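Trainee: Hi, could you walk me through this one? I'm new to it.
Mentor: Happy to, have a look first.

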Amino acid sequence: MFDRFLKLRSLPFSFNSAIITPLYKRKGKRSDPSSYRPISILPLLSKLFEKMIFRKLYSYVEQEKLLDDRQHGFRRNRSCTTLLSIFLNDITTNLDPANMMAGVVFVDLKKAFDSVRPLKLLLQLFDIHIPDILLLYLCLYFLNRTYRIKLDEFLSILYYLFRGVPQGGILAPILFSLFFNGVGKSLGTNFYGLFADDLSFSYFSKKIEDLLAALSSMLNRLNDWCLDKDLIINFSKTKFMIFSKRSLSKDLVIPNLMCRGNEVELVNEFKYLGITFDSLLNFNSHFNSVVSRVSSAIGCLLYIKRYLSLHTFKILLSSFVLSIIDYGFTIWGSICGSKINILQSKINFILGSFFHPQIVNKFQRLNRISHSVASLKFHSVSLNYFDMYEKCNILTVSERLKYFYAIFVFKSLQFSHVPELSEIFKGCQSSRSQNLILPSHQTKSYENSPVYQSMTLWNELPSAVKDFSLSLPKFVSFINSWLLEKRMSDFVSN
């Protein structure tokens, strides 16, 4: 059926028609259309067809290396974590010289996906020699696109969509990435990162005036490039930060960052791809946010725990509690041990409350909850938390961090999907052993970076584990075994 559509050079009318339901964002006036998020429902058969085209288009794009290496959005073996690792490595490695500062601009675009001009996109795809059959489908894909707005039982008249990649479409992310592909060249720097339309770029200098002048020049070039693409920078949400090894002097006058008459706000903290960065890279605000969210999730589990089976409890614990800790853990996880213990105590508490509710409730009333990973003791009563971890088949908080560091190094060394990370680790390989040579840096923030911490962890692993002939599942199995053996040895020694 799909082959016939392409031979006839025509798609059914319903394939290009969407039903849009506005969803209130829970902020702003209900009478303001911008307070709603459009949820687009597309026909099932059209999405199946899109999926087939996506696979062919994506494999061609990756094979021909058409996308910027700094683009990490919606690509296999790349993620927010890989982009944040490179971002953090760029910052920390360049802060070594005395009095060096890093200026970073976090750019926000107004309705980026909805601003794409289909004709400009198709001409751009034609220039990079996308296969004719894919180009034919994309022409049909954008031709006569329509939508209706649905509110309860009300269904609006038919509207035509003249701009933007279809919201909810499988092809939307890769098409936008191809459309946004040349943004790196417009900046004139190697220090930038992309996750779909999320863009950040950096500059390093010892003088604040030079720093702001360079950032302003780069922002002006970016603005001109965006206007040529019919993209608009949202200056009210675009922010910039200054990173340094120590707090900047209060007497230091920081000029305004301007772009074509628009001022960009200076902030001390910014949430970038879900991780809150502060100017000293301490991650205190992000840790407090994680603790707050974990506490809320545990509170919900405590409310329903008596109705849960062990299987259901394990699923909810992993999906609603541990997932909060796991996200970006390699980025912010090098915090002090006492903070790790705070997270550990919260996991211990929910485990104890599920398996031994009467005992743990008594401890809670007496305000005697322990931060210890191994056990909780009170008079003649002893709770072995390792037993509970075994029953739930989970790792402790510190073990999870080591696990993610090990996987991070293994993927970076064995696979070359992210050249920046592969080059970093391969450049540190020792010719005499399987260990990595730790780079010497003067900044404590670099020693806390995921690259340095993962190298340190890698050097602690036994030689049998550091074998690149292993498949990833086999390596994961070895790492789990090593962590459990280390757990038991530590338990026996204590």
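Trainee: Which residues line the second largest cavity?
Mentor: Leu11, Phe15, Asn16, Ser46, Glu50, Tyr137, Tyr141 and Arg145 line the second largest cavity. On a 1 Å grid over the protein atoms alone, a cavity is a set of points where a 1.4 Å probe fits but cannot get out, and lining residues have an atom within 4 Å of a point. This is a predicted model, where local features need pLDDT of at least 70, side-chain atom pairs count only at pLDDT 80 or more, and totals for chains, interfaces and linings use all residues. Residues are numbered from 1 along each chain as its sequence is written, and side-chain values use heavy atoms, leaving out hydrogens and water.

Trainee: Which helices supply at least two residues each of that lining?
Mentor: Helix H2 (44-63) and helix H5 (132-142) do. Helices are DSSP runs (H or I, at least four residues), numbered from the N terminus.

Trainee: Which element gives the largest share of the lining of the largest cavity?
Mentor: H3 does, with four residues.

Trainee: New topic: at what angle do H9 and H10 cross?
Mentor: Helix H9 (residues 284-304) and helix H10 (residues 310-326) cross at roughly 165°, their axes coming within 8 Å. Axes are lines fitted to C-alpha atoms over the stretch in contact (heavy atoms within 4.5 Å), with angles from 0 to 180 degrees between N-to-C directions. So H9 is roughly antiparallel to H10 (an angle over 145 degrees).

Methods:
Angles under 35 degrees count as roughly parallel, over 145 as roughly antiparallel, 65 to 115 as roughly perpendicular and the rest as oblique. On a 1 Å grid over the protein atoms alone, a cavity is a set of points where a 1.4 Å probe fits but cannot get out, and a pocket is an open set with protein on both sides within 12 Å along at least five of seven lines; lining residues have an atom within 4 Å of a point.
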